[in-house]
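Welcome! Please look through the sequence and the 3D view below, then try each exercise before reading its solution.

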Amino acid sequence: MEGDELGVAATMVDGDWQQQQRRRGGCIFNGNGKLLEELVLAAQEGVFVNVDSEFDLDNIVSAARIAGKKVNLLLRINPDVDPQVHPYVATGNKNSKFGIRNEKLQWFLHAVKAYPNELKLVGAHCHLGSTITKVDIFRDAAVLMVNYIDQIRAQGFKIDYLNIGGGLGIDYYHTGAVLPSPRDLIDTSCRVLLNLTKCQVTSILKPILYLEVRELVLSQDLNLIIEPGRSLIANTCCLVNRVTGVKTNGTKNFIVIDGSMAELIRPSLYDAYQHIELVSPSSPGAGISTFDVVGPVCESADFLGKDRELPTPVSGAGLVVHDAGAYCMSMASTYNLKMRPPEYWTNTLETTCPYSATLLRPMGLHPKPKWLLLVPSLHGCPTL
């Protein structure tokens, strides 16, 4: 089935993504620095576009005129809800570089009204951040966003969509924690003070009802959009490395591997935890020690994990970094001329390699890849 038949679409942040998604159903174009030529492509393809700033709105108007098509807009509003995550992945507070301040909502509504031939406001959007583990944060955002939509509709706009973003986390620590799923996000109960005119009661009563987010959205005649990306794919992949050796500086022990921050930057960039384990048998009598797992890149920030209790490995042993399915290969680089690894996709029946390793061909070198990126099927990880 096509993505649009399943109710599935893509959230994109640049024109290259648009090119890749053109034949895969509906899309939403997001971002705080969208280029004019990207917006023209979005207008031509009928993509929903999130408005992020005053200059962004000006560029969208220009793109609509160049394409000769009206653009469907969602206003990305910052509800100023604390997602309780690393500040680098918090995107919906008042200090964020993303979205518009809720105090500026009226200005944007007037601006959209000034361009009826270029713009059609169809929804509102917020995105709080990533690795969120509490659904009540989404509940709070949904209530605020519905209130904003009421304000927008009161000025004559027909609003059909509420996008409450995504950012659900996973159990990176492998502790068996039960974290919220996309369905939990939708089903979470929210405390909603309903519009009194709709409830047909006096203002003295002010009824407080408990509704699921789904019911809240349906009661407002809205289509709900969520962005569950990480929670669907993060645990479908692992980064497989080979141990180069073990060393100590007298106070700290290190396992040096051939993988690095160039292939998986989350620990270095966000101080993020990724579960690590050895997949080769330890030598007889190998003790458990505390190690930093580090790569060969010339940066002290080049680590995959710190203070990990692991058996002392031998050189050549396999070491796996789990949950590398999101924000890992997509953020990989060739820093220090580290070549990109191959990807292997596997299920219970077959293994394929859709993306082969990048080799040092200009130098006449053809190094054999020593580590792989395994992408298991959603039916479970194969035995390594």
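**Exercise 1.** What percentage of the 384 residues in the protein chain is buried?

*Solution.* Start with how the model is read: it is predicted, so local features need pLDDT of at least 70 and side-chain atom pairs count only at pLDDT 80 or more, while totals for chains, interfaces and linings use all residues. Residues are numbered from 1 along each chain as its sequence is written, and side-chain values use heavy atoms, leaving out hydrogens and water. Next comes the term: buried means under 20% relative accessible area, exposed means over 50%, and partly exposed lies in between, with a 1.4 Å probe and protein chains only. By this rule, buried residues make up 46% of the 384.

**Exercise 2.** Find the largest nonpolar core and say which residues have the most contacts inside it.

*Solution.* A nonpolar core is a set of buried Ala, Val, Leu, Ile, Met, Phe, Trp, Tyr and Cys residues joined through side-chain atoms within 4.5 Å. The largest one has 51 residues, and Leu-73, Leu-75 and Leu-121 have the most contacts inside it. Its largest share, nine residues, comes from helix H5 (residues 135-153); helices (H or I, at least four residues) and strands (E, at least two) are DSSP runs numbered from the N terminus. Now look around Leu-121: leaving aside neighbours within four places in sequence, its contacts (heavy atoms within 4.5 Å) include Leu-73, Leu-75, Ile-152 and Phe-157.

**Exercise 3.** Is Asn-163 buried or exposed? Then list what Asn-163 touches.

*Solution.* Locate Asn-163 in strand E7 (residues 161-166). Its relative accessible area is 0%, so Asn-163 is buried. Beyond the residues up to four places away in sequence, Asn-163 touches Ile-28, Leu-74, Ala-124, His-125, Cys-126, Ile-225, Ile-226 and Glu-227.

**Exercise 4.** How many disulfides does a search of the whole structure find?

*Solution.* A disulfide is a pair of cysteine sulfur atoms within 2.5 Å. The search finds zero. Take Cys-328 as a check: the nearest cysteine sulfur, that of Cys-237, is 7.1 Å away. Cys-328 is buried, because its relative accessible area is 2%.

**Exercise 5.** Which strands pair with strand E14 (residues 288-294), and in what sense?

*Solution.* Two strands pair if DSSP finds at least two bridges between them. Strand E12 (residues 253-257) runs parallel to E14, over four bridges, and Val-256 has Val-294 in E14 as its bridge partner. Strand E15 (residues 303-311) is antiparallel to E14, with six bridges; here Val-293 is partnered by Gly-305 in E15.

**Exercise 6.** Which residue forms a salt bridge with Lys-252, and where in the chain do the two partners lie?

*Solution.* A salt bridge is a side-chain nitrogen of Lys or Arg within 4 Å of a carboxyl oxygen of Asp or Glu. Lys-252 meets Asp-292, with the closest N and O atoms 3.6 Å apart. Lys-252 sits in the loop between strand E11 (238-248) and E12, Asp-292 in strand E14, 40 residues apart. Lys-252 is partly exposed, at 26% relative accessible area, whereas Asp-292 counts as buried, at 6%. Finally, widen the view: Lys-252, Asp-292 and Asp-307 are linked in a network of salt bridges.
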